[in-house]
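Take a moment with the fold before reading on.

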Amino acid sequence: MKLLTCVFSLVLIGVTSVTGKAAILFQDNFDDTPVGLSVFGTLPGGAFGGGWNITNNVDVLAAGQFGLPNVGVRYLDLAGSTAPAFATIQTQNSWGASLPMTVKKLSFSLAGDNRGNGDSVVQVKFGDSFTQNFNVASNSPFSMRTVDIDGAFSGKLSFQLLSQSGNNPFFGALLDNVKLEGDLPPNVIPEPVSLACMSLVVVGIGFSHLRRKKTS
Ligand SMILES: [Ca+2]
């Protein structure tokens with residue numbers, strides 16, 4: 001292995017160990033979730049592991065069902081069909097401690113109830129450090145919301161239907177396309193190849209030092 005290749009590899013390894021590898025950490029478009037009203041307990045969750053815990057209940061709706069938006073295959077109504085209906089859904093995964101990944105960006109799609117029931121407020125939380133309320137007009141179509149999450153934040157992600165201005169407690173904001181992006185853990189343990197490289201570099205530096213000494 002040539003010295004230059006080794007030096008280049010070490011520089012690359014150095015960069016990797018500082019920043020980690022950018023990746024999607026969690027993603028759920030609910031398209032594989034079984035359709036049903038008043039879903040209690042848990043949801044199976046999406047790609048990249050982990051499901052959801054539900055407080056109260058949600059409706060898992062098929063696009064176009066009940067005259068609702070005909071996009072996104074399946075999505076959630078955060079007001080289920082059984083009282084108490086205003087749901088909180090929270091990831092079973094907790095990022096930061098047991099999953100040592102750095103979460104940097106959260107995105108999701110929200111729509112109004114689309115049944116003329118009034119405006120919704122959805123509270124989004126990430127661990128104990130991040131909380132933000134999103135107002136959703138009753139008739140608004142799905143739109144993507146994006147939030148920059150400080151890499152220092154950690155914990156579980158949750159969506160809670162806080163309020164609904166209409167009279168029907170069973171029609172609430174619609175949620176789809178939840179995604180967390182960030183960095184995978186940095187590779188801090190040197191592999192055998194890296195160790196061999198490092199030895200070569202050290203020897204190389206020693207030689208060039210000796211040569212400079214001889215020529216001076
Ligand atoms: Ca969907």
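A residue counts as buried if 20 or more other C-beta atoms lie within 10 Å of its own, exposed if 12 or fewer, and partly exposed in between, with C-beta atoms placed from the backbone. Helices (H or I, at least four residues) and strands (E, at least two) are DSSP runs, numbered from the N terminus. This is a predicted model: local features need pLDDT of at least 70, side-chain atom pairs count only at pLDDT 80 or more, and totals for chains, interfaces and linings use all residues. Residue numbers start from 1 along each chain as its sequence is written.

The chain holds two helices and eleven strands. Their order from the N terminus is α-β-β-β-β-β-β-β-β-β-β-β-α. Of the 216 residues, 29% count as buried.

Start with strand 7, residues 120-126. Its side chains alternate. Ser 120, Val 122, Val 124 and Phe 126 point to one face and are buried.

Strand 7 runs antiparallel to strand 8 (residues 130-136), and seven bridges join the two. Lys 125 has Thr 131 of strand 8 as its bridge partner. Three residues separate these strands in a hairpin, and Gly 127 in the turn has a positive phi of about 60°. Strand 10 (residues 157-164) is also antiparallel to strand 7, again with seven bridges. There, Phe 126 stands opposite Leu 157.

Now look inward. In soluble globular proteins, nonpolar side chains tend to be buried together. A nonpolar core here is a set of buried Ala, Val, Leu, Ile, Met, Phe, Trp, Tyr and Cys residues joined through C-beta atoms within 7 Å. The largest one has 39 residues. Leu 78, Ala 79, Leu 110, Val 122, Ala 173 and Leu 175 touch the most other members. Elements giving two or more residues include strand 1 (22-28), strand 6 (102-111), strand 7 and strand 11 (174-183). Strand 6 gives the most, with five residues.

Contacts tell a related story. Two residues are in contact if their C-beta atoms, placed from the backbone, lie within 7 Å. Not counting residues up to four places away in sequence, Val 122 touches several residues, among them Leu 78, Leu 110, Phe 134, Phe 159 and Ala 173. Across the chain, residues 24 or more positions apart account for 73% of the contacts with a separation of 6 or more.

Finish at Asn 168, in the loop between strand 10 and strand 11. Asn 168 is partly exposed because 14 other C-beta atoms lie within 10 Å.

Technical notes
Two strands pair if DSSP finds at least two bridges between them.
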